[in-house]
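Here's a quick tour of one model, taken piece by piece. Have the sequence and the 3D view open as you read.

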Amino acid sequence: MFNQFRNKFPLTDEKWNEYIGYFNRLEVPAKTTLLEEGEVSKKLYIIEKGCIRVWFNNNGKDLTTQFFFENQSVASIESFMKKLPSPTNIETIEPSVLWWIHKNDLDKILEEIKEIPELRDKLISMLFERTFDYMKYFVSFIKDSPVQRYTNLIKERPQIILRVPQHYIASYLGITTVHLSRLKSKLLSKE
């Protein structure tokens, strides 16, 4: 799992092996809750195989905010970094193979690598990328119609369309499954 990332980090083999030794492999079935809303996040996951969604309950309505796939990391970042109750749930959609690291172990690594500019910059870049994704999603809800959001999803993240059940896609788009079905029919009739 980690060999594909090896050449991206300027570390000695000894340090590299020490750091990857902090990760634990976990195989879970679909619909496994990795973190519940209100819990404090103590683990960050890297996905070797599978799909994960981040969602929250809004007055009994399930609202999906993000999807994650192979080679991506996922945690309730706000909860993980600040030790606050998580505003979201994290759940597998497919049977998944994950690698997790405890916050205390990641903190040790971060403390050591913060003095290495290249590694520090990679971490900052990764966090900004996630913030950018959140902002794009938020702005899309304000300015785009459901049709535009769905069309953008097809163009920008086709694996969501291919791998995620329709009711989660509808939740992500902020519409009902019936509305999504109509929207898809309308788009197909235009082709």
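## Ground rules

This is a predicted model, so to speak of local features takes pLDDT of at least 70, side-chain atom pairs count only at pLDDT 80 or more, and totals for chains, interfaces and linings use all residues. Residues are numbered from 1 along each chain as its sequence is written, and side-chain values use heavy atoms, leaving out hydrogens and water.

Helices (H or I, at least four residues) and strands (E, at least two) are DSSP runs, numbered from the N terminus.

## The open sheet

Four strands line up as β2-β7-β4-β5 in an open, antiparallel sheet; strands pair if DSSP finds at least two bridges between them. At the edges sit β2 (33-35) and β5 (61-68), each pairing on one side only.

β4 (residues 52-58) and β5 share 7 bridges, and Val54 stands opposite Gln66 in β5. Helix α7 packs on this sheet, touching β4, β5 and β7 (89-92); contact means heavy atoms within 4.5 Å.

## α7 against α8

α7 (166-173) and α8 (177-190) pack at about 95°, axes 9 Å apart (lines fitted to C-alpha atoms, for helices over the stretch in contact; angles run from 0 to 180 degrees between N-to-C directions). The two are therefore roughly perpendicular, a label for 65 to 115 degrees.

From α7, Gln166, His167, Ile169, Ala170 and Leu173 meet Thr177, Leu180 and Lys184 in α8.

## The buried side of α3

In α3 (103-113), Lys103, Asp105, Leu106, Ile109, Leu110 and Ile113 are buried, meaning under 20% relative accessible area with a 1.4 Å probe, protein chains only. These buried residues pack against α1 (13-20), β3 (43-49), α2 (77-82), β8 (96-102) and α4 (117-143).

Conventions:
Parallel < 35°, antiparallel > 145°, perpendicular 65-115°, else oblique. Buried < 20%, exposed > 50% of the residue type's maximum accessible area, 1.4 Å probe, protein only.
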